[in-house]
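Okay, thanks everyone, let's get going.

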Amino acid sequence: MSMRQLFLQNVAQTSDFPLMIEVEKAEGVYMYGAQGERYLDLISGIGVSNVGHRHPRVLKAIHEQLDKYLHLMVYGEFVQAPQAQLAQAITATLPARLNNVYFLNSGTEAVEGALKLAKRYTSRTELVSCRNAYHGSTQGALSINGSEGFKNAFRPLLPDVRHIHYNHLPDLQSITTRTAAVIIETVQGEAGVRVAKDDYLQHLRRRCSEVGALLILDEIQCGFGRTGTFWAFEQFGVEPDILLCAKGMGGGMPIGAFIAPQEIMAAFKTDPILGHCTTFGGHPVSCAASLATLHTILEEKLLEGVQEKAALFKELLVHPRIKEIRNCGLMMAAEFESFEVLKAVIDRAILNGVLTDWFLFCDNSMRIAPPLVITEEEIREACAVILRSIEEATAE
């Protein structure tokens, strides 16, 4: 049987129309198929490969850790150098108050841990999130997602969840002394890259402080350099009480984290002890890869080129079929008139060697989120293919 047949027969599917691209190797911004096909990756595994596929520094860190140890003990019991060094490096990028890191395996797990922490610390139950927000697929994370279509088949979910509109100041009055936490994407991802307007996030920060609710910023997609600053919230003059990250932090390895002040995180220590547990969270190989990723972003000055590269995409992607391009750094959305048109363009672009995608809650917009290491020449190549694909797809 072929690998495609095995994939369809034995690997659980999430839709009836998987992309079915068979990848044999990946390097930098390119993926290579079994028959020699080459794909320029403009989505980074959905915001994961910020430093590109198989970055040499990440591979070196993985190999060195493999020679020392793999999993040793459930999280939080043993002193493991990769965890301690990564936690120190992460907190060094943050305001002094955010000094405690809890490592997990994914973004969804970071969401779950943060929600539990907020409820435990505040002794409140209400959670507030935004419409068209995406925070993950487990039951707690799904409860605060902002799309009813993705939730209805799995009810009942968490009670006491309220949704507000992103960027809509009057809705902030819905945050009250009953609210344990407001969880919000600093830049909305699956809504099609929606950026906070004016001082919206500052008003949100003030409202949370007024009523004693914790502010959780979800930077699972927009963190680790994606927007041109290491953390997206740096651009908006706010600080969260709890910060979430995953995706781009691992250099291609599975890892996530939530970060909070030590006095808040201490709520997990007592009544009951082990208030949050994980077996594989903070796996030493993933932590080693993440530390190498962090150093790569900072030492290779990848942040410095983000805005210029984003501007080049916007300069080149001009076409009557493209209605608008929204972005925050290299987190970009190119809007088309409909899903049908966009899907035809995406399919044609893949045939032409460029991988793009759409957004869960904005299916008429093309996702563009390449590795931060993409060069000007590669951007020009990608944009030329997209423009040609638009012509080919809309001429049929």
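Let's start with V111, which, leaving aside neighbours within four places in sequence, is in contact with H135, A141, I144, I183, D218, I220 and L244. Contact here means heavy atoms within 4.5 Å. Before I go on, the ground rules: this is a predicted model, where local features need pLDDT of at least 70 and side-chain atom pairs count only at pLDDT 80 or more, while totals for chains, interfaces and linings use all residues. Residues are numbered from 1 along each chain as its sequence is written, and side-chain values use heavy atoms, with hydrogens and water left out.

Back to V111, then. V111 sits in helix α5, residues 107-122. Helices are DSSP runs of H or I, at least four residues, strands are runs of E, at least two, and both are numbered from the N terminus. Is V111 buried or exposed? V111 counts as buried, at 0% relative accessibility; the cut-offs are under 20% relative accessible area for buried, over 50% for exposed, and partly exposed in between, with a 1.4 Å probe and protein chains only.

One partner of V111 was L244, so let's hop over there. L244 is part of strand β11, residues 242-245, and L244 is buried too, at 0% relative accessibility. Skipping residues up to four places away in sequence, L244 touches a list including A110, V111, A114, I183, I216 and F258. For a sense of sequence versus space: L244 and G113 are 131 residues apart in sequence, yet 9.7 Å apart C-alpha to C-alpha.

Next, cysteines. How many disulfides does a search of the whole structure find? The search comes back with 0, taking a disulfide as a pair of cysteine sulfur atoms within 2.5 Å. For C245, the closest cysteine sulfur is in C222, 10 Å away, and that's too far for a bond. C328 is in no disulfide either, with the sulfur of C222 as its nearest, 7.4 Å off. Both cysteines are buried: C245 has a relative accessible area of 0%, and C328 has 6%.

Quick stop at T293, in helix α10, residues 284-299. T293 is buried at 0%, and, again not counting residues up to four places away in sequence, T293 touches V51, V58, G248, M249, G250 and G251.

The axes of α12 (residues 339-351) and α13 (residues 376-395) come within 8 Å and cross at roughly 120°. Axes are lines fitted to C-alpha atoms, for helices over the stretch in contact, and angles run from 0 to 180 degrees between N-to-C directions. That makes α12 oblique to α13: under 35 degrees is roughly parallel, over 145 roughly antiparallel, 65 to 115 roughly perpendicular, and the rest oblique. In that contact, V341, A344, V345, R348 and A349 of α12 meet V385, S389, I390, E392, A393 and T394 of α13.

And how do α11 and α13 run relative to each other? The axes of α11, residues 306-316, and α13 come within 10 Å and cross at roughly 30°, so the two helices are roughly parallel. On the α11 side we have K309, L312, F313 and L316, meeting E376, I379, R380, C383 and L387 of α13.

That's my tour, happy to take questions.
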